[in-house]
Amino acid sequence: MKRSKINAEIKYMERILKEHGFEIPPFCRWSPRDWEDRGEEYDEIRDNKLGWDVTDYGLGDFDKAGLSLLTIRNGNVKMDQYTKVYAEKLLVLKEGQISPQHFHWNKMEDIINRGGGNVRIKLYNSGKDGRMEDTFVTVSQDGRNYQVPAGSEIRLTPGESLTLYPGLYHGIRLEEGSRYALLGEVSMCNDDENDNRFYEPVARFPEIEEDEPPYRLLCTEYPQAEAVQKERCRNGGRM
């Protein structure tokens, strides 16, 4: 995925957030230069992958299979010093895009339509060896619990939400005639490196072609605190 495309999509998501009056934490606005002076006191951001995340799932066509995300809080299932048991994300899906079918081994999450267009989430139960089962799916939608046939699409209008339990396949698309949808995700701790099971093999994070400098660093790109400290020492404590 070209860096120029990643930059453009982050700027687009920033405009959407501003349009909806959704304020974001200060670290989401830091430039790559700002990160050069962020020491170990910011390790929670690094270790828990808070911040920007733009992916084309390694498929090379972001406008068809892609998603822009911003993780604004998260715990960590692998590091005991982080005791938060929850996470929160913002996501932007544009018309024509899909988020491919996948489930989580451990994470339970609510997907919330925060504004924009309507979204449709297609659901399947998972079976042995990751198969999609042809069995009725139990849906939990804003306090209503009901069953639908396998492969049904649940429609979320702005303000509506859907609970996704571990092992429940879900793929997301935007309803035709909508420009975008701003989605929220409230969940258990998020672990994108180990807790995603995609039905069709894809890459969770993109390979990046550096055709221009980064506008914001992605959550996988932060300089480690040790490198920041070494640079401080080389500059006599100044950055």
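Is Trp30 buried or exposed? A few notes on that and on other spots in this model, which is a predicted one.

1. Trp30 first. With a relative accessible area of 12%, Trp30 is buried. Phe27 comes out as buried too, at 12% relative accessibility. Eight aromatic pairs turn up when the whole structure is searched. In the pair formed by Phe27 and Trp30, the ring centres are 6.5 Å apart and the planes meet at 70°, so this one is edge-to-face. Follow the ring pairs from there and you get a cluster that links Phe27, Trp30, Trp35, Tyr42 and Tyr222.

2. Another aromatic pair to look at is Tyr57 with Phe198. It is edge-to-face, with 5.8 Å from centre to centre and 70° between the planes. Tyr57 sits in the loop between strand 1 (51–55) and strand 2 (67–73), while Phe198 belongs to strand 13 (residues 196–198), so the pair ties together parts that are 141 residues apart in sequence. As for accessibility, Tyr57 is buried at a relative accessible area of 4%, and Phe198 is buried at 12%.

3. Stay with Tyr57 for a moment and look at Ser99. The side chains of Ser99 and Tyr57 make a polar contact at 3.0 Å. Ser99 is in strand 4 (residues 98–104). Its relative accessibility is 4%, and the cut-off for buried is under 20%, so Ser99 counts as buried. Setting aside neighbours within four places in sequence, Ser99 touches Tyr57, Leu67, Leu93, Gly171 and Ile172.

4. Ser99 also takes us to the cavities. Two cavities of 30 Å³ or more are present in the structure. The largest cavity holds about 190 Å³ of space. Its lining is made of 20 residues, and the closest to the centre are Leu67, Leu69, Ser99, His102 and Glu185. Strand 4 gives the most, with three residues.

5. Now Lys107, which lies in the loop between strand 4 and strand 5. Is this lysine buried or exposed? At 4% relative accessibility, Lys107 counts as buried. Its side chain makes a polar contact with the side chain of Glu185 at 2.9 Å, and another with the side chain of Asn190 at 2.7 Å. Beyond neighbours within four places in sequence, Lys107 is in contact with Leu164, Tyr165, Pro166, Glu185, Ser187, Met188, Cys189, Asn190 and Asp195.

6. Two charges over rings deserve a look. The charged end of Lys94 sits over the ring of Tyr12, at 4.9 Å from the ring centre. Arg216 lies over the face of Tyr215, and here the distance to the ring centre is 4.2 Å.

7. On to backbone angles. Lys49 has a phi near 55°, a positive value in a residue other than glycine. Lys49 lies in the loop between helix 3 (43–47) and strand 1, and is partly exposed with a relative accessible area of 25%. Asp142 has a positive phi as well, near 50°. Asp142 is found in the loop between strand 7 (137–141) and strand 8 (144–148), and counts as partly exposed at 47% relative accessibility.

8. Last, Thr157. This residue lies in the loop between strand 9 (153–156) and strand 10 (161–164). Thr157 is partly exposed, with a relative accessible area of 22%. Leaving aside neighbours within four places in sequence, Thr157 is in contact with Asn113 and Asn118. From Thr157 to Val139 is 18 residues in sequence and 16 Å in space, C-alpha to C-alpha.

Note on methods
Residues numbered from 1 in each chain as written. Predicted model: local features only at pLDDT ≥ 70, side-chain atom pairs only at ≥ 80, totals over all residues. Heavy atoms only, no water. Phe/Tyr/Trp six-rings, centres within 6.5 Å; stacked < 30°, edge-to-face > 60°. Buried < 20%, exposed > 50% of the residue type's maximum accessible area, 1.4 Å probe, protein only. Helix = DSSP H or I, 4+ residues; strand = E, 2+ residues; numbered from the N terminus. Lys NZ or Arg CZ within 6 Å of the ring centre and 35° of its normal. Polar contact = N/O pair within 3.5 Å; in protein donor to acceptor, adjacent residues only side chain to side chain. Contact = heavy atoms within 4.5 Å. 1 Å grid on protein atoms, 1.4 Å probe; cavity = no way out; pocket = protein on both sides within 12 Å on 5 of 7 lines; lining within 4 Å. Points joined across faces, edges and corners; volume = space filled by probe spheres on them.
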